[in-house]
Amino acid sequence: MTKSFKMEMGFPREAEQAKAERWPVLIPVGTMEYHGPHCVFGCDSLVAEKICERAAQQIDCVLMPTIWYGVASYAVAGPEKNTIHVDCDAFETYMYHILKSMIYGGWRNIYMVIAHQSEDYNPMQLACMKAARKLIFEYLEDTKGKGWWGSNTNANFFDDFHSGENDNPWNWINTFVTGVTKDMEEFNGEGDHAGRAECSEIGALVPGSLRLERLGETDEWFTQSATETDLEIGERIAQAAVKGLIKFINK
C-alpha cells in the first residue's frame, strides 16, 4: 500500500514529507480534442491521468491535478469540431509558472506525463521541456548568482553531480510521453488517433468513454480501425505505459 495522495486533497504535513523524501510528482498533461463521433474529447487527458493513478498504486508519489487544456493543434480537426487548442508559447508560459511555484516551493522530482502526440519532441512535449529548462536556468542564476557556472567555485559542478556528490538540476523536471511500446507487434510500435490502439486503451482505462456504434456516422480514415477495438489489448497498452513510467522514474 502506497502513501500516494492527490495534491488537491492533500495536507501540508504530507506535502512536506513528500518533498523531504523526494517523492515523484506526477502532472498529467492533456488536451480537449476531437476524437471522432465515438470517443470522448478528453481522451488524451484521461489516459495520462489514469496512467498516473495506476502508477500511484505502486510507488509513493504525489498526483497533481490534470492539465486539461493543452497544445492540441488543429491537425485533426478545427474548433468547429470542439477541439480546444492553446498556442505553444502561451502553454509554455502557463507551465513555466506552475513549475516555478513548485521548484521555488522545494519540489525536485517532477514528471509531466503526456498522452498526446506520442512521438518525442512534438509541440506539447517541447512546450513542457522549454518551460522546464528556462525555469531551471533562471533558478540557478537566482540562487547561485549570475556567472555561477563560470565561477571557479563551481569548477567541479558537472563532476560532482555525475559522481553523486551534488544534486543534478537537469533531473528536477522531466517529461514522459506515453504510447504504444515497441514490443507490441500488432502495432509495430506505432499508436494512432481514435483508432484501434487509442480506443482500446481508453476503453480499458475509462469505462463509458467509447460509443463504437457511432462509427458509422463518419468516413474519416483515422477512425476506421476503431472497429477492431479490443479491451484486452488496451489493458496491455495501459500496463506497459505504467511500467514504462515507473521505470523512467527509477532510472
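**View 1. A polar contact of 3.3 Å links the side chains of Thr2 and Ser4.** The model shown here is predicted. Thr2 sits in the segment that comes before β1 (5–6). Its side chain also reaches the backbone oxygen of Ala56, at 2.7 Å. Leaving aside residues up to four places away in sequence, Thr2 touches Ala56, Gln57, Gln58, Ile59 and Asp60.

**View 2. Trp68, Tyr69 and Ile84 make a nonpolar surface patch.** The area of this patch is about 280 Å². Ile84 belongs to the loop between β3 (62–63) and α3 (88–104). Ile84 counts as partly exposed because its relative accessibility is 36%, a value between the limits of 20% for buried and 50% for exposed.

**View 3. Cys39 and Cys43 are shown with their sulfur atoms.** The cysteine sulfur closest to that of Cys39 is in Cys43, 4.0 Å away, so the two are too far apart for a bond. A disulfide would need the sulfur atoms to be within 2.5 Å. By this rule, the count of disulfides is zero. Cys39 has a relative accessibility of 7% and therefore counts as buried.

**View 4. Cys128 is in no disulfide.** The nearest cysteine sulfur to that of Cys128 belongs to Cys88, at 9.9 Å. Cys128 has a relative accessible area of 0%, so this residue is buried. The limit for buried is under 20%.

Conventions. Residues numbered from 1 in each chain as written. Predicted model: local features only at pLDDT ≥ 70, side-chain atom pairs only at ≥ 80, totals over all residues. Heavy atoms only, no water. Helix = DSSP H or I, 4+ residues; strand = E, 2+ residues; numbered from the N terminus. Polar contact = N/O pair within 3.5 Å; in protein donor to acceptor, adjacent residues only side chain to side chain. Contact = heavy atoms within 4.5 Å. Patch = residues over 30% accessible without salt bridge, like charges linked within 9 Å, V, L, I, M, F, W, Y side chains within 5 Å. Areas by Shrake-Rupley, 256 points an atom, 1.4 Å probe, with all protein chains shown as cover. Salt bridge = Lys/Arg side-chain N within 4 Å of Asp/Glu carboxyl O. Buried < 20%, exposed > 50% of the residue type's maximum accessible area, 1.4 Å probe, protein only.
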